[in-house]
Structure formats: structure tokens, C-alpha cells
Amino acid sequence: MKVALTVWENRISPVLDSASMLVVIDIRKGMIVNKHYVPFYVELPHARAALLADLGVRVLICGAMSQLYENLIQAYGIQIISFVTGDIENVLDAYLKGTLSRRTFQMPGIQPMRRRRFRGGRG
Amino acid sequence: MAGGLNKKYSLLSRNVTDIILENISDGVFTINHTWHITSFNRAAETITGIPRDQAIGRHCWEVFRSNMCERDCALRRTMKQGKPFVDTSTYIVNNRKRRVPVVVCTSLLKDKSGIVVGGVETFRDMSTVEQLRKELEDRFHLGDIVSRSASMKKVFAVLPQIADSYSTVLLQGETGTGKELMARALHDLSPRRIRPFIAMNCGALPDTLLESELFGYKAGAFTHATRDKPGRFALAEGGTLFLDEVGDVSPAFQVRLLRVLQEREFMPLGAIIPVKANVRVIASTNKDLSALVAEGTFRQDLFYRINVVRIDLPPLRDRREDIPLLVERFITRFNNLRNRNIAGISRDALAILMAHTYPGNIRELENIIEHALVLCPKGQIEPHHLPGTLIPTIPSPPRTKTIGAAVKSAEENEITTALKRNDYNRLAAARELGIHKSTLFRKINALGIRLPKIDGRTHRRKKP
């Protein structure tokens, strides 16, 4: 299963709408088997959503995002975990352990995430 | 004693600053050297939707969440270059996933001894201004139609109501005035917008072909008709059918068209059962249909059937104020289409365009701009980039130096013609021009138009 994170200086990019880099991670049986960076320079919202779908991304972890982007990306059947903050390694680790819903990984001013275990790696 | 007083005033001053910060409508936050927020005022809470207790101590990009944070942070520039930046436009994403347009100012934060201890960012919510700007812009735009002329504004005002109805519409206007664009705008504003918009030029085809195109045919209706073919009426089911150049339809076909509009059903060629048509018809013509009715070349009953709601599209020479707006629109469009970067049009070139009479209307203007873009490698469109045919239409050089002079010359021409047409009756001429009679008198004086001694009123009075 492919998980994409928007990256800025080794941390989650603050705003998905203007993020310029993605790290795409391939997870199998709870282990990272592949990790590569993909430029995310496309400007148009549709093109951004389509690029994620073309990359085969199933889950997107990102910072703040506007409603327009959320709707478009969800329309491609991609699960979104937004308003996430922190270092990429910590966020990824928390995702694999199912602890991403902790407040330390949430941007301020956002309702706490439902107690869900965002865990990938089954694919 | 003096030290105590200073301390007291210092404390008072700090309190006053705090009160001011809490009561201004601009958001203000400060950061330290590690980019952590150290203060966050009430307006900042309102604009971002983030409570102060959650904002303080967090990284500024986690709270402010602007599209500048990553690539072009104003605070970072200020901290790096040691100078303030004012009025940087950007947007932030608030806690409700809404983009809020803001204008940002940044400066250094120094302590009493002048040592930089961080930065301060103030930001103003521009949502209302943006909304008003958009509304103002929308007043000149409707779909792909752009205009700021009074006559078109009247059309814009009634278009939503017309679109909302199911009535047949007749669009009348010279060639190139945007009849198809108007038909599309009507369709896009109507409840039928999710259904197809089908356009058909009736003037281009002979009767038999027109019939099979509009109504379709059944397999076996004629030689080589091996399978059913749906006509435009069937294709536009639930949507809108635009019949262009309806004035050119032959009298024989007019009867068939009348039947469809009257009965709301049609018969495909070779069919034995009529087909119901749930189609809104928009017809257009560049001819004066009432004159054709008077001549006997257009059926009166069909005329009344399609002339339910009529929209007259004024020619471009009657709405010259739209020329700069249209030029700008075409330059932007061709820049995008051809991947060009033409900055605009020079004053002299625009003056030439303003003075032209445009027999081909907007389509002609569009072609002129396309021609200019082919010849203009970079920068602005200059007079020598315009087609040579336009050059003889330029009045003497001193009069076309400015757009104002070109407009004056055009106004003078229009006023003189309108006065002549109305036997120099000022009131009638003012009505025809769509201006108040005092405005007309003022313009006659300002432009120095010489009038004959008779006027329309005295002439009329003498008549009986």
C-alpha cells in the first residue's frame, strides 16, 4: 500500500495546497519497503489530485488543506489524514504504530481526531 | 524615586500596548528565534480560528498556515534581511478548511537595547474586500461574455430570470456580437445546465439535410440509411437547442419548425410515431425578423412563436467602452493558448482600436488581437502590429494621441448621426443614445458640435 506525505524541510508541509514535494512510501506487512521523493509542483487542484491517483497513493498524510483539495482528493478514493504536523520520521512511525491521532501530531485549533488507528501496511 | 516613576510608566505603557493590541482588527503575533509563537492577539484568534492558548508555544507555520510559509515566508525574509516587508498578499487556511485572503506586514522585534529578539507579523483579513472585488468583476462578466456598457448590463440583469423560464428566446444582433455565447450563458444559468447544449446553424444546410439533422431519421428512411440516427432535437433532450441563423430557413421548413415549437413533438424521417421533445429552443438571427415578416419571407406565426422573449445584442461600435475590456480578455486568452507572455496593448494601438467601426463586431476584434499577437514577439502590442487595414481609419495623428481623443471623436460622430436621424430633435436623439437630454446638451457644448438653427420640436410644431 502506498502512503504519501507532503514534505517541507524534513517535516510535514504546513499547507497541502502549496506543498512542493511528496514522499511516497510503499508499506507491506507493516514494513517500509520503498521510499521515494516526487516533486509536487503541479498548481491546478485537479492535477494535484490526479497526480496522487497516478502514483497509486491510497493514504495521504498532510498539513492544513482547503476544502476544495480535500473534496477533489477524496473523489479519487484516497484516504486523507490532514492537519498533521511534525517530523516526517516521527509521523511515519506514529502512522505505522497507529498513534497518529495523538495531539502532538495535530495542528492547533483542530478538533481532536476520532480515536482511530491509522495504520497501514496490510497491503 | 525617578527610577520608580520610570518603572511605573513603563508598566503603564505596556498595559496600554496590550489593550491596543487586543482591540485592533488586525491579527498580530510575535515569534522568537526558534519560530515559536510568543504572543497572539484577539483578532489573530478570530481570523485563524485558533485559540491563543493553543497557538502560543507552537511553530508559526503550524498556526498561520499560509501558502507563503514553505517558499516565501515574509517573516523569514525580514529576519534574514533585517528589514520590514509591508502589504504582502497571501492566503491562510483556517481551522474550518477555508482559505482566508490576507495582507501581511512583518518586522523585527527588538528589546530595549536594540537586540533582535524575534519577529512580529500583522495580518488583515481581506475576505470582504476580495468578495466585493469579485462581485464588481462579476458585474462585467457573465459566463464568457464581458461588458461594462449600460445596454449589456441591462441584459445581464434580466438574463437569470430569462434563463430560469422555459420560454423560447430570440437573440437578435449583427454577426459577431456573441449570440452563441449568450445562448450558452442562458443554458448555463438555466436548470437545464446539466443536460446537453446543442447548436445548429440553420443557414448552412439545404432543407432536406436540415430536416434529417434536426429531427433524425429511421433505418430504411432512404437509401444508405442503414441505422437510426438521432437528430439534434433528440440529442438536446432535456437541454437546450440553439438554432443559429433562423432567419435564413426556407418558408417550407418554417412550417415544420413551427409544428415542433407548437406541438412540442417532431417526426423523424421515416418514423410513424411522433417523438415528444422536451427541449428549450433559443433561436438567433442577424436579420430583422419583423422586417422579414413584413416582406413576407418569414412566417408571422413562427415569428410570434420564437419571439417570446427577445434579447437584442448591441453591435460593438455602440459599446466602445467594452473594447479595452475585451482586448485584455483576448490577450490573456491567447497568452494562455499560445504560451505567450504579451504584457498588454500600448495607448496608441488601443486608440486605433477605439476608433475602428467593427463591421465584424467582437469576432473582428478577436481576429485583430490574434493577428497582433502573431506579429508581436514580446512586450506590448504597438500600432505596427495591428492589421494594415485599420491604419487608414485612424483620424489625423494629433486627435488619436490619446484614448480620450479617440472616444471624443467617436462620441462626436455618434451624437451628430443621432441628431440627424431625429431631425435634430435633441430629446429624441438623447433617448436613442440612452443618455439624459442635459447630458446630451453638455456633450454638444463640450465637443463643440455645431447645430443648425432648426430643431426637431420647432419643425414638428410647424408641421400641422
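This is a predicted model: local features need pLDDT of at least 70, side-chain atom pairs count only at pLDDT 80 or more; totals for chains, interfaces and linings use all residues.
Residues are numbered from 1 along each chain as its sequence is written, chains are lettered from A in the order in which they are written, and side-chain values use heavy atoms, without hydrogens and water.

**View 1. Helices α14 and α16 of chain B cross each other.** Here α14(B) (residues 323–338) and α16(B) (residues 361–375) have axes, lines fitted to C-alpha atoms over the stretch in contact, that come within 10 Å and cross at roughly 50°. Residues in contact (heavy atoms within 4.5 Å) include Phe330(B) and Phe334(B) of α14(B), along with Leu365(B) and Ile369(B) of α16(B).

**View 2. Phe215(B) and Phe266(B) form a ring pair.** Rings pair if their centres lie within 6.5 Å, and planes under 30 degrees apart count as stacked. With centres 5.9 Å apart and planes at 20°, this pair is therefore stacked. Phe215(B) lies in helix α9 and Phe266(B) in strand β13 (a DSSP run of E, at least two residues), 51 residues apart. Both are buried, that is, under 20% relative accessible area (1.4 Å probe, protein chains only).

**View 3. Four Phe residues of chain B gather in a cluster.** Ring pairs link Phe29(B), Phe40(B), Phe64(B) and Phe123(B).

Methods. Axes are lines fitted to C-alpha atoms, for helices over the stretch in contact, and angles run from 0 to 180 degrees between N-to-C directions. Helices (H or I, at least four residues) and strands (E, at least two) are DSSP runs, numbered from the N terminus. Rings of Phe, Tyr and Trp (its six-membered ring) pair if their centres lie within 6.5 Å; planes under 30 degrees apart count as stacked, over 60 as edge-to-face and the rest as tilted. Buried means under 20% relative accessible area, exposed over 50%, partly exposed in between (1.4 Å probe, protein chains only).
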